[in-house]
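Q: Please take me through this structure, one feature at a time.

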Amino acid sequence: MSTATAAAAAAPAMMQKVIEMKKKAIDANAFEIDLIEEAGIVVTVKAKPNPKLGLGESSEVPIPKKEVLKPCGRSRILRLTHAVREDDFSNEKDYMNVLEDLTEAGKIFGKLVNAVIPRPNRPGFGKAFVEYADLDSASRGRSGFCKCHVGYTLVVADYYPENLYAHGHLDA
């Protein structure tokens, strides 16, 4: 994939990440987006002067590169959309049964390392994540999960960036 193609594919996700950072800021008006350069995965966010936050005229807020959503090709992590429903969380027993079912289904496609279903009011709620030991297992898992239905809804499986998963960022 060319650098330009990768940048174009990542632009909406990168922009959404910066908007989310702005929403989570102590003072939502403290940040303004100055530059987003996708080809090199560079994001610059400048802080507006704000004495309450200790930000001066030339303050800049660095964003560690490992926290930025990178264009994601193949990955050992799969994000499953439409794999869980809100009623799966009615009680602890139901939640554990769904998690066990997801784990067993994930093992069919290869060596499963972990399965995660975020709880209500947590980042990533409504989705499920499966982590495989290798890319081939994840590829088989992606193909297999995309053929599954939960109720009348088809599960969508896509690769998820390993760096975000490792840091617990499940809401990208």
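A: A charge sits over a ring if NZ of Lys or CZ of Arg is within 6 Å of the ring centre and within 35 degrees of the ring normal. Here, arginine 119 lies over the face of tyrosine 95, 3.7 Å from the ring centre. This is a predicted model: local features need pLDDT of at least 70, side-chain atom pairs count only at pLDDT 80 or more, and totals for chains, interfaces and linings use all residues. Residues are numbered from 1 along each chain as its sequence is written, and side-chain values use heavy atoms, with hydrogens and water left out.

Q: How many aromatic pairs does a search of the whole structure find?
A: A pair of aromatic rings is described by the distance of the centres and the angle of the planes. Rings of Phe, Tyr and Trp (its six-membered ring) pair if their centres lie within 6.5 Å; planes under 30 degrees apart count as stacked, over 60 as edge-to-face and the rest as tilted. The search of the whole structure gives five such pairs. Phenylalanine 129 and tyrosine 160 have ring centres 5.2 Å apart and planes at 70°, so this pair is edge-to-face. One aromatic cluster is formed by Phe89, Tyr95 and Phe125.

Q: Where do phenylalanine 129 and tyrosine 160 lie?
A: Helices (H or I, at least four residues) and strands (E, at least two) are DSSP runs, numbered from the N terminus. Phenylalanine 129 is in strand E6 (residues 127–132) and tyrosine 160 in strand E9 (residues 156–160), so the pair ties together parts that are 31 residues apart in sequence.

Q: Is phenylalanine 129 buried or exposed?
A: Buried means under 20% relative accessible area, exposed over 50%, partly exposed in between (1.4 Å probe, protein chains only). Phenylalanine 129 is buried, as is tyrosine 160. In strand E4 (residues 77–81), five of the five residues are buried, so E4 is largely enclosed by the rest of the structure. Ile77, Arg79 and Thr81 are buried on one side of E4, and Leu78 and Leu80 on the other.

Q: What is the order of the strands in the open sheet?
A: Strands of a sheet pair through backbone hydrogen bonds, either parallel or antiparallel. Two strands pair if DSSP finds at least two bridges between them. The open sheet of four strands runs E5-E6-E4-E9, with antiparallel pairing. E5 and E9 are the edge strands, each pairing on one side only. E4 pairs with E6 over five bridges, and leucine 80 has alanine 128 of E6 as its bridge partner. E4 also pairs with E9 over five bridges, where threonine 81 stands opposite valine 156.

Q: Which residues of the largest nonpolar core touch the most other members?
A: A nonpolar core is a set of buried Ala, Val, Leu, Ile, Met, Phe, Trp, Tyr and Cys residues joined through side-chain atoms within 4.5 Å. The largest one has 22 residues, of which Leu80, Leu102, Ile117, Val130, Tyr132 and Phe145 touch the most other members. Helix H2 (92–107) is among the elements that each supply at least two residues of this core, and H2 gives the most, with four.
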